[in-house]
Amino acid sequence: MIIIIFFVAHWFLSLFFQTFYLHRYAAHKMYSTPKVTERIFHFLTFLFQGSSFLNPRAYAIMHREHHAYSDTEKDPHSPHFFTDVFQMMYKTVISFRVYERRLKEPDAQFKGNYPEWRLIDYYGSLAVTRIGFGLLYAAFYYAYATAWWQWLLLPIQFIMGPLHGAIVNWCGHKYGYSNFDNGDKSKNTTPFDFLMLGELFQNNHHKRPNSPNFGARWFEVDPVYPVMKALHWMHIIRLRKPIAA
């Protein structure tokens, strides 16, 4: 039971900071927050993503490219140009590392206005750091696993961040229904969206990329939006008025 709790907590905490900080803040700037709070969110993203930490700068650049070129050949991770999700993941990792390691500069329209913390971004992306987190996960399993099948969950925890991205980019552009004609193949993948904290409302998000609420119809519940409203009410963040897409 302890392993299941650990796995579920890691799944949702990693996913929360991916959608709340990397996606809604780094890529879209849906809210503003003081520098000290930004650093706290940045560190928590590193902590909870752990071995699969995603560099916020690289994430923001690639995500902006995805919106600009959605489901075209210039889209960095459209599922419609790959035979399976593993090929898409491989290509995404290669493209991500180019920006993570600053091997090339992005086009001007995708550059700037994203959070950077050179110390965390550098050390969080090192192989030794990722291996260190992996060893900590393995040590926890060694101490608390009570059945062989629980160990099957461990590899998922090693790649949690990229796995979340693969699920969203593959399923969110292949399976489900559309509320809007966005000129791409984005879909809303309910009822499974509750497992992805709103991220699978891709069709809604591509229609209204600046809206902090990814739901559009009465039954589409984005569980992160009420959290953002609460943080806004507590003056921890300030939600920005969405700009029409």
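View 1. E105 is partly exposed, with a relative accessible area of 43%, where buried stands for under 20%, exposed for over 50% and partly exposed for values in between (1.4 Å probe, protein chains only). The model is predicted, so that local features need pLDDT of at least 70 and side-chain atom pairs count only at pLDDT 80 or more, while totals for chains, interfaces and linings use all residues. Residues are numbered from 1 along each chain as its sequence is written, and side-chain values use heavy atoms, with hydrogens and water left out. The side chains of R57 and E105 form a salt bridge at 3.6 Å, N to O, the term being used for a side-chain nitrogen of Lys or Arg within 4 Å of a carboxyl oxygen of Asp or Glu. Because R57 belongs to helix α3 and E105 to the loop between α4 and α5, this pair ties together parts that are 48 residues apart in sequence; helices are DSSP runs (H or I, at least four residues), numbered from the N terminus. R57 is buried, at a relative accessible area of 3%. A salt bridge of 2.9 Å, N to O, also joins the side chains of K111 and E105, and K111 is partly exposed at 46%, so that R57, E105 and K111 are linked in a network of salt bridges.

**View 2. The buried residue E65 in helix α3.** E65, located in helix α3 (residues 56-68), is buried yet has no salt bridge, and K104, the nearest side chain of opposite charge, is 5.5 Å away; Lys and Arg count here as positive and Asp and Glu as negative, while His and the chain ends are not counted. Apart from neighbours within four places in sequence, E65 is in contact with P76, Y99 and F110, contact meaning heavy atoms within 4.5 Å.

View 3. W117 lies in the loop between α4 (85-100) and α5, and, with neighbours within four places in sequence left aside, W117 is in contact with R39, H42 and F43. The C-alpha atoms of W117 and R57 are 9.4 Å apart in space, although these residues are 60 apart in sequence. The side chains of E116 and R118 meet in a salt bridge of 3.6 Å, N to O, in which E116 is partly exposed at 26% relative accessibility and R118 is exposed at 55%.

Conventions
Helix = DSSP H or I, 4+ residues; strand = E, 2+ residues; numbered from the N terminus.
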